[in-house]
Amino acid sequence: MTSPVTPTIRPARPQDVPAVVAMVHELAEYERAPDQCHLTTEQLTSALFGAAPALFGHVAVDEHDQPIGFALWFLNFSTWAGLHGIYLEDLYVRPAARGTGAGRLLLATLADICVRRGYRRLEWLMIDWNPAAGFYASIGAEQMNEWVPYRLSGDALHDLASQATAAGTRPGG
């Protein structure tokens, strides 16, 4: 039996987008929410490679340069630290490639970007039943129990936005 080849990590390229979109849908299936995932190849291409991209991506590739995992991320900012950081939106490694070190290498790549650019943090959220919690703990990641995420979307988002319109504010974006 041959041992698995250590994957290579590189920035995502336009030709990787269909594979990354497929893996995002696999992730949604894994997280028991496939009906909530609507990402298209066109949307991700625009987000990663449009005129002013605010989303960045890296892929783990096999010996044939085929994506087997990905990390999609963007910059955040800590007003207390006065510095940017990386927010990891999604990390996924295909089941057949788990155990090859792809996940660790994707995170190590983002950590290296943080260190080289002087960013203070690499942060992400994880669904509470994900068995990756043990892996994250093994690399020194701390669970942030005191911070509770909030989300505004759908009708509530539109209702609140209408209050800005009604008040005559002019959004700057």
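Guide: What follows is a short tour, from the overall layout to single pairs of residues.

Visitor: What kind of model is it?

Guide: This is a predicted model, in which local features need pLDDT of at least 70 and side-chain atom pairs count only at pLDDT 80 or more, while totals for chains, interfaces and linings use all residues. Residues are numbered from 1 along each chain as its sequence is written, and side-chain values use heavy atoms, with hydrogens and water left out.

Visitor: How many helices and strands are there?

Guide: The protein has five helices and five strands. Helices (H or I, at least four residues) and strands (E, at least two) are DSSP runs, numbered from the N terminus. Along the sequence the pattern reads β-α-α-β-β-β-α-β-α-α.

Visitor: What box do the C-alpha atoms fill?

Guide: Roughly 70 × 35 × 35 Å, taken along the principal axes.

Visitor: And what share of the residues is buried?

Guide: Of the 173 residues, 29% count as buried. Buried means under 20% relative accessible area, exposed means over 50%, and partly exposed is in between (1.4 Å probe, protein chains only).

Visitor: What about the accessible surface?

Guide: The accessible surface comes to about 11600 Å², and 56% of that belongs to carbon and sulfur atoms. Accessible areas come from the Shrake-Rupley method with a 1.4 Å probe; for residues, only the protein chains shown count as cover.

Visitor: Switching to charges. How many salt bridges does the structure hold?

Guide: Six. A salt bridge is a side-chain nitrogen of Lys or Arg within 4 Å of a carboxyl oxygen of Asp or Glu.

Visitor: Which residue does Asp65 pair with?

Guide: Asp65 forms a salt bridge with Arg10, and their closest N and O atoms are 3.1 Å apart. The pair links distant parts of the chain, 55 residues apart: Asp65 is in the loop between strand 2 (56-61) and strand 3 (67-78), and Arg10 is in strand 1 (residues 8-11).

Visitor: Is Arg10 buried or exposed?

Guide: Arg10 counts as buried because its relative accessibility is 8%. Asp65 is partly exposed, with a relative accessible area of 34%. Both belong to a network of salt bridges that links Arg10, Arg13, Asp16 and Asp65.

Visitor: What does Glu26 bridge to?

Guide: Glu26 forms a salt bridge with Arg94, with the closest N and O atoms 2.8 Å apart. Glu26 lies in helix 1 (residues 17-30) and Arg94 in the loop between strand 4 (83-93) and helix 3 (102-117), so the pair ties together parts that are 68 residues apart in sequence. Glu26 is partly exposed at 27%, and Arg94 is partly exposed at 25%.

Visitor: And how far apart are Arg116 and Asp112 along helix 3?

Guide: Arg116 and Asp112 are separated by about one helical turn, because they are four residues apart in helix 3. They form a salt bridge, with the closest N and O atoms 2.8 Å apart. Arg116 counts as exposed at 59% relative accessibility, whereas Asp112 counts as partly exposed at 38%.

Visitor: New topic. Which residues make the nonpolar surface patch of about 260 Å²?

Guide: Leu152, Leu157 and Leu160. Patches are made of residues with over 30% relative accessible area and no salt bridge: like charges are joined within 9 Å, nonpolar side chains (Val, Leu, Ile, Met, Phe, Trp, Tyr) within 5 Å.

Visitor: Where is Leu157?

Guide: Leu157 is found in helix 5 (residues 154-166). Leu157 counts as partly exposed, because its relative accessibility is 40%.
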